[in-house]
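Please look at the sequence and the model first, then read the points below.

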Amino acid sequence: MDIFEINGGKPLCGSAAVQGSKNSVLPILAASLLGDGCEIENCPALSDVDVALRILRRLGCSAEFKNGVATVAPTGREAVDIPDGLMREMRSSVIFLGAVLARSGEAEIYFPGGCRLGPRPIDMHLDALEKLGVEIETDGGRISCRAHKLRGAQINFDSVSVGATENAMLAAVLAEGETLISNAAREPEIVDLQDFLNKMGACVSGAGSNVIHIKGVRRLHGARHSVIPDRIAAATVLSAAAACGGNVELGRCRPDHMETVLKSLHEMGCELEIKPDSVALKRRGRLKAPRPIVTAAYPGFPTDAQPLLMAAGLTAEGSSVFVENIFENRYAQVPELRRMGADIITSGRVAAIVGVERLIGAEVEAADLRGGAALLIAAMSAEGYSRVAGAKHIDRGYECPEELFGSLGAKIKRKEVKDSERQQKEQTQER
Ligand code: UD1
């Protein structure tokens, strides 16, 4: 079990490049199941990517990752089941369902795991697949799906879901006839999936708007694609630079994918220099509280960036308000941030922060991916020593955060803590 040890209070200075997008590459890897040889470039080295490659191998592909490129090819052996253990490792495992059905007409999976952000049902995924002609039986945690033939359909989502939109797209590309997805998610990752599918020979249009149109084709071929930059990883570095102070230039990023985040950082008093593929952020003097941050589906403020901006707002002058509209339980970082001296109260979907002069290092534990990143940001900006446990959550979405932030001047180290050492420490604390 790894932890991060941080000696905080150092400004961040220098330049860094943004990794490829986790939320783009996972559905793209699922889509690669449908091709006859795909190369995915700018693929981030993340534990979630590792899980996706293991799922692909289980389904009968060769799947390798080297120097930022994932290579996926069929082996001729076709399996249709994903075991419970793999499904539990990440929420995005469910995205493979649409692709397996498109390829094989049947699938056996289990309910997915992932960050515990409150109830995360998959009813919209299953409803969309049923519309496309899939018969679904659920039994305990198991989901058995059969489709004699996938048929194009009208899918009208009642609310916006990124994953359900992606699953519907993956199943519909090889369905007979046309599919219209309305109230589709508009995230840049959906556009990236459309681009990849079209390179494979699919006929998808409209991604980025709330209506996606798909004309089913008979087969797809292989493709080479470079994944878009990760807008949440970019928001993490910028929030850290805002929290710690300093001067950071972030290259290989897409500022047009992160307008709401940049707006809030600007309101907080950060100086931003925005170019088409880079952002430079300078923070001198104390941050100011931003206008209320209210999360919403894209192009609204991303829920994944809420904990990051919260971490930056802890020492801002004035009171900050956050309203979390996407997930019910996305304030797991709050009790840990309080250990560092943060003044936060939460009530249901709302969190209110009164900015304190400074944070003090503490021993804290990540409970989920972005909440964990928020703890790293707070620890880097706090005075003194912090230990952030639960690195495995953070590793799901960040490539070597200790190297990235270390290169910008943070004093951050990864340390392996043996289970026995941890138990001993806990027992000593209990005494
Ligand atoms: C994706 C992102 C995640 C991000 C989220 C919202 C990936 C790998 N993950 O997650 O980082 O935080 O979008 O931007 O891309 N819902 C249902 N029924 C369903 C599906 C979703 O009620 O069948 C609800 C969810 O509980 C949630 C809301 O819809 O309240 C949005 O979830 P969704 O967009 O599906 O999130 P994910 O695709 O899981």
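In this predicted model, L197 touches A31, M169, L170, V173, A202, V204 and L220, leaving aside residues up to four places away in sequence. The points below cover the nonpolar cores and then the ligand.

**Nonpolar cores**
- The largest nonpolar core is made up of 77 residues.
- L197 and L29 are the residues with the most contacts inside this core.
- Another core, of 70 residues, lies apart from it, and A234, V261, M310 and L369 are among its members.
- In soluble globular proteins, nonpolar side chains tend to be buried together.

**Ligand surroundings**

- D304 has a polar side-chain atom 2.5 Å from an oxygen atom of the ligand.
- A polar backbone atom of I326 is 2.6 Å from a ligand oxygen atom.
- For V162, a polar backbone atom lies 2.8 Å from an oxygen atom of the ligand.
- The ligand taken alone exposes 740 Å², and the protein buries 84% of that.

Notes: Residues numbered from 1 in each chain as written. Predicted model: local features only at pLDDT ≥ 70, side-chain atom pairs only at ≥ 80, totals over all residues. Heavy atoms only, no water. Core = buried A, V, L, I, M, F, W, Y, C linked by side-chain atoms within 4.5 Å. Buried < 20%, exposed > 50% of the residue type's maximum accessible area, 1.4 Å probe, protein only. Contact = heavy atoms within 4.5 Å. Polar contact = N/O pair within 3.5 Å; in protein donor to acceptor, adjacent residues only side chain to side chain. Areas by Shrake-Rupley, 256 points an atom, 1.4 Å probe, with all protein chains shown as cover.
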